[in-house]
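Good morning, everyone. Please bring up the structure on your screens. We will walk through it piece by piece.

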Amino acid sequence: MNPSSQITWARSMMPWRGRIAAWSYLLLALWGGAAGAQTIGFSQVGTESDWRTAFSADMQAEAKRRGITLLFQEAGGNVDNQFKAVHSFVERHVDAIVIAPVVVTGWTAALKEAQAAHIPVFVVDRAVDVDPSLFVARIAANFNLEGRLAGAWLAQASRGRCNIVELQGTVNSAPAIERHKGFDTIISQFSDMHIVLSKSGDFTAEGGQKVMEEFIAQTHGLREICAVWSHNDNMILGAIEAMKAHSLQPGHSQLMVSVDGVPGIYQALAKGDANASVELKSDIGKYIFDVVQGYLAGKRDYPKWVVIPSDLHTQADAADLMSAKPEARN
Ligand code: GYE
């Protein structure tokens with residue numbers, strides 16, 4: 001029962017003393033409500049990218065807004081830490097568990113432990129390769145679509161003729177697997193589009209910079225290379241630094257396309273150092289807690305995959321993005 005109807009209900013039940021009682025009942029209910037508030041365990045991937053830190057901040061802020069006690073555990077990019085986190089959440093009898101899995105494999109045992117304890121599990125952001133009955137729903141974007149959007153943008157921008165170097169995300173992670181597949185689905189339609197070098201930069205700026213240094217050395221300064229395709233913005237921002245250090249002109253001598261839509265890429269689009277980025281929404285806490293709290297309240301008709309919409313941004317809308325997103329102007 002929401003607070004305002006609690007007051008009217010309480011008032012109707014009691015005479016003038018009722019007014020005081022009503023307010024104390026409300027305080028009790030709020031205290032009771034607070035005491036009854038849900039405790040949710042959240043196992044997060046790590047802090048590898050600007051998108052990740054924005055997503056973590058949004059989850060914590062949204063939980064606070066809803067009076068949820070969020071047990072936030074950040075795994076430092078190590079899935080074993082996530083299995084330990086799930087175990088600790090089960091021991092603490094949380095009401096629900098939310099996981100953003102570093103990699104797709106190895107999750108069956110941990111999810112079976114939660115299921116045995118009758119604790120519902122929700123998969124967010126990434127994906128797991130398990131029997132779907134081991135989790136309630138996945139709330140995430142379509143990474144394959146993101147790869148296809150990036151591939152389609154590059155096909156038109158290069159008129160279907162392009163030698164590409166690829167910065168891959170974390171090996172065996174759902175976004176790296178699916179973004180690669182989606183991108184390849186499109187460029188394989190064009191006989192003159194090829195990925196000539198591909199390596200993981202682990203979704204970090206440092207990783208992107210280091211791998212780009214190797215690509216520059218292997219290709220004599222990116223000779224014959226028309227584009228850089230990166231599985232996230234932070235890696236391509238690192239690559240831009242490496243390219244500039246070698247007097248290359250990212251965004252001009254090579255087309256630069258990536259995924260995430262973090263503030264740093266909007267600045268690079270506005271400066272002309274990057275050409276396109278597929279936006280991955282980071283303010284998804286509201287979608288996630290709507291599903292988790294709905295399920296805890298008895299709602300059972302959620303689709304197995306609640307898809308978060310994607311978007312594509314280019315230099316053309318960089319200025320609007322900069323004005324729309326104050327954080328992009330810093
Ligand atoms: O693109 C990247 C982060 O899991 C889809 O993880 C997410 C990816 C995101 O490291 O910035």
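A helix here is a DSSP run of H or I with at least four residues, and helices are numbered from the N terminus. With that in hand, take Lys271, which sits in helix H10, residues 263-271. One caution before we go on: this is a predicted model.

Is Lys271 buried or exposed? Exposed means over 50% relative accessible area. Lys271 has 62%, so Lys271 is exposed. Now look across to Ala319. In sequence, Lys271 and Ala319 are 48 residues apart. In space, their C-alpha atoms are 10.0 Å apart.

General point: two packed helices are described by the angle between their axes and the distance between the axes. The axes of H9 and H10 come within 9 Å. They cross at roughly 45 degrees. The two helices are therefore oblique to each other. The crossing is left-handed. Which residues meet there? From H9, we have Asp233, Ile236, Leu237 and Ile240. They meet Gly264, Ile265 and Ala268 of H10.

Helix H6 covers residues 143-157, and its axis comes within 6 Å of the axis of H7. The crossing angle is roughly 40 degrees. That makes H6 oblique to H7. This time the crossing is right-handed. On the H6 side, the residues in contact include Phe143, Gly147, Ala150 and Leu154. On the H7 side, they include Ala174, Glu178, Phe183 and Ile187.

What does Ser173 touch, leaving aside its neighbours within four places in sequence? Its contacts are Val102, Val103, Val104, Arg126 and Phe203.

Strand E1, residues 39-44, runs parallel to E3, and 4 bridges join them. Ser43 stands opposite Ile99 in E3. Strand E3, residues 96-99, is in turn joined to E4 by 3 bridges, again in parallel. Here Val98 stands opposite Phe122. Between these strands comes a helix to note: E3, helix H5 (residues 108-116) and E4 make a right-handed β-α-β unit.

On to E4 and strand E5, residues 137-141. They pair in the parallel sense over 3 bridges. Val124 has Ile139 in E5 as its bridge partner.

Last stop: the side chains of E4. In a regular strand, side chains alternate between the two faces of the sheet. Which way do those of E4, residues 121-124, point? Val121 and Val123 point one way. Phe122 and Val124 point the other way. Both pairs are buried.

To recap: E4 pairs with E3 and with E5, and its residues 121-124 are all buried. Thank you.

Terms used. Residues numbered from 1 in each chain as written. Predicted model: local features only at pLDDT ≥ 70, side-chain atom pairs only at ≥ 80, totals over all residues. Heavy atoms only, no water. Buried < 20%, exposed > 50% of the residue type's maximum accessible area, 1.4 Å probe, protein only. Pairing = 2+ DSSP bridges. Right-handed = clockwise from strand over helix to strand, strands pointing away. Contact = heavy atoms within 4.5 Å. Axes fitted to C-alpha atoms, helices over the stretch in contact; angles between N-to-C directions. Parallel < 35°, antiparallel > 145°, perpendicular 65-115°, else oblique. Left-handed = near helix turned anticlockwise from the far one by under 90°.
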